Amino acid sequence: MAIYLDHAATTSLLPEVLEGYIVALQSVGNASSIHSHGQAAKRMLEEARERVAAALGCDPVEVIFTSGGTEAVNTAVKGVFWARRAAGARILLPGGEHHATADAAAWLAASQGARVEELPVDAEGRLAPAVLEAALAEGGTALVSAVWANSEVGTVQKVAELAAVALRAGVPIHADAVAAFGQVPVDFRASGLSALSVAGHKVGAPVGTGALVLARGTAAEPLVHGGGQQRGIRSGTQDVAGAVAFGIAATLAAERLDAHASALVALRDRLIAGVLATVPGARLRGPAPGPDRLPGNAHFTFDGCDGDSLLLLLDFAGISVSTGAACQAGVPEVSTVLLAMGVPEVEARGALRFSLGAGTTADDVDALLRVLPGVVERAQRAGHSDRVPALG
Ligand SMILES: Cc1ncc(COP(=O)(O)O)c(C=O)c1O
């Protein structure tokens, strides 16, 4: 049986989610219709919204269901920028943001008059609140957006401190919590954020589900116009079954957080210790094992070889992993996260991320540890190249 160590890319549907999803898919009714079928659909939808709100520590009215993380992030970054055009053109981001954020901001810069400033991060990918504070002192900032936890190297940001700094400056702040949700506590109200994005498929719900949490007092222009559903921020007939599935997954993510996280931490630390002990040239990237690192994340660079070669050799051995930048539509690129952290390009090319999740076992980790030294040795012999070492 193939081993799946790429939970940061996507997760399998949880059985409880699948069960609720199927029931919801079988009922008919547009949640905006006033007849009884419509009202039944609306009840299911609003119950799902309440579940997501409870799991994320916000009010149900603040939950805007989206098609996933990318749409939520785009709605926050573009929507808040447009609503605050008068306040200034600057958008502040830490270096190495996920492409959903970085590319939305780049598009605003290219076509909408935004001025995007990437703030320096430390060697572990963290933005210091003092760096944000100094940047905000200049004024003219429309919004700040920062990832809550980095999906590549697993760094958990000091979100509440960043939010406090932004709010002191009167600037809304959005956090991309796609990788954080389900692994570390995410409490919107306590964080002080203005907006937050999550995706269902990272916590056992179907791809195509997710939410933007938008604080009541935070204005955002919509990306899509139409029937005015969801505060007019996200028009369109609502996906009741998707919302139900995401609602169940969100409840489970919150309820199981502590047990899930401690199980993952034990496996992660076994994996990290094993790799560092047995693979010459392996360097752990991101924070040391501890609370600043996502429980399910182990990310390394391996000297003298290409991450893509390692990925393919491991795939051949029946183990699915990622180079880290999994959302790049299959196009290999050097990680912008590692470059922002100051990792030299030659080292960044050897990146490989192992991400653990529900269903990962110690046997899976041990199976990886058995094959990895040989795989790395083989890839090192091939060296850095566009050529993948011959399989078999
Ligand atoms: C940190 C982060 N943000 C945003 C996204 C995009 O989310 P989605 O795949 O739901 O569009 C991802 C996907 O991997 C991610 O890891």
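Tutor: Helices (H or I, at least four residues) and strands (E, at least two) are DSSP runs, numbered from the N terminus. Here, L18 is found in helix α1, residues 15-25. The model is predicted: local features need pLDDT of at least 70, side-chain atom pairs count only at pLDDT 80 or more, and totals for chains, interfaces and linings use all residues. Residues are numbered from 1 along each chain as its sequence is written, and side-chain values use heavy atoms, with hydrogens and water left out.

Student: Into which domains is the chain divided?

Tutor: Domain bounds come from an automatic or database domain assignment. Domain 1 comprises 3-9 + 257-382, and domain 2 comprises 15-252. Their C-alpha centres lie 27 Å apart.

Student: How is the interface described, and what area do domain 1 and domain 2 bury between them?

Tutor: The size of an interface is often given as the accessible area lost when the parts come together. Buried area is that loss (1.4 Å probe), summed over both parts. Domain 1 and domain 2 bury about 2,200 Å², 53% of it on carbon and sulfur atoms. On the domain 1 side, L257, L294 and M341 supply 28% of the area buried against domain 2, more than any other three residues.

Student: How many salt bridges are counted between domain 1 and domain 2?

Tutor: A salt bridge is a side-chain nitrogen of Lys or Arg within 4 Å of a carboxyl oxygen of Asp or Glu. The count between the two domains is one. R126 forms a salt bridge with D292, with the closest N and O atoms 3.7 Å apart.

Notes. Buried area = accessible area lost by both parts, 1.4 Å probe.
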